[in-house]
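Colleague: I am new to this structure. Please take me through how to read its features, one at a time.

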Amino acid sequence: MPLPLADHVIQLAFDPGISPKGGGLPGLSVLKNVVSSINMFGIIAVVGALAVSLGVWAWGHHTGGHQAEANGKKGAVVAAGAALGLGAANGIVRFFSALGSQVQ
């Protein structure tokens with residue numbers, strides 16, 4: 001005999017009781033260290049990209065190279081956006097994780 005629709009809805013609303021927990025797997029501290037190092041590498045790369053982009057922007061402006069100037073501006077904006085994303089990564093993930101835990 002098939003289950004009524006109400007029983008299907010109750011089964012879909014079942015709470016599995018799973019939440020994030022630190023310390024459950026070995027190597028968590030190593031993984032945190034690796035991700036922090038990757039983030040630092042990204043920030044250092046963004047500093048270099050920003051310096052190059054600003055140099056291209058200035059060079060294009062002083063030589064009358066409008067294409068180089070436009071590319072330098074684009075590069076500077078992209079580097080600034082990447083720096084914002086890298087710096088805010090923890091806060092963004094924390095915000096959406098907290099927001100997701102409120103879903104019922």
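Modeller: Start with a single residue. Leaving aside its neighbours within four places in sequence, Glu-69 is in contact (heavy atoms within 4.5 Å) with Val-56, Trp-57, Gly-60 and His-61. This is a predicted model, in which local features need pLDDT of at least 70 and side-chain atom pairs count only at pLDDT 80 or more, while totals for chains, interfaces and linings use all residues. Residues are numbered from 1 along each chain as its sequence is written, and side-chain values use heavy atoms, with hydrogens and water left out.

Colleague: Is Glu-69 buried or exposed?

Modeller: Buried means under 20% relative accessible area, exposed over 50%, and partly exposed in between, with a 1.4 Å probe and protein chains only. Glu-69 has a relative accessible area of 14%, so it is buried. Of the 104 residues in the protein, buried residues make up 9%.

Colleague: In which element does Glu-69 lie?

Modeller: Helices (H or I, at least four residues) and strands (E, at least two) are DSSP runs, numbered from the N terminus. Glu-69 is in helix α3, residues 66–101. The protein has three helices and zero strands, in the order α-α-α from the N terminus on.

Colleague: How does the span of helix α2 agree with its number of residues?

Modeller: The expected span of a helix is 1.5 Å times one less than its number of residues. Helix α2 (residues 28–63) has 36 residues and should therefore span 52 Å, and its end C-alpha atoms are 52 Å apart, which agrees. After α2 comes Gly-64, with a positive phi near 80 degrees.

Colleague: Which residues of α2 are buried, and what do they pack against?

Modeller: Gly-42, Val-46, Ser-53 and Gly-60 are buried in α2. The buried residues of α2 pack against α3.

Colleague: How do I describe such a pair?

Modeller: Two packed helices are described by the angle between their axes and the distance between the axes. Axes are lines fitted to C-alpha atoms, for helices over the stretch in contact, and angles run from 0 to 180 degrees between N-to-C directions. The axes of α2 and α3 come within 7 Å and cross at roughly 160 degrees. Under 35 degrees counts as roughly parallel, over 145 as roughly antiparallel, 65 to 115 as roughly perpendicular and the rest as oblique. The two helices, α2 and α3, are therefore roughly antiparallel.
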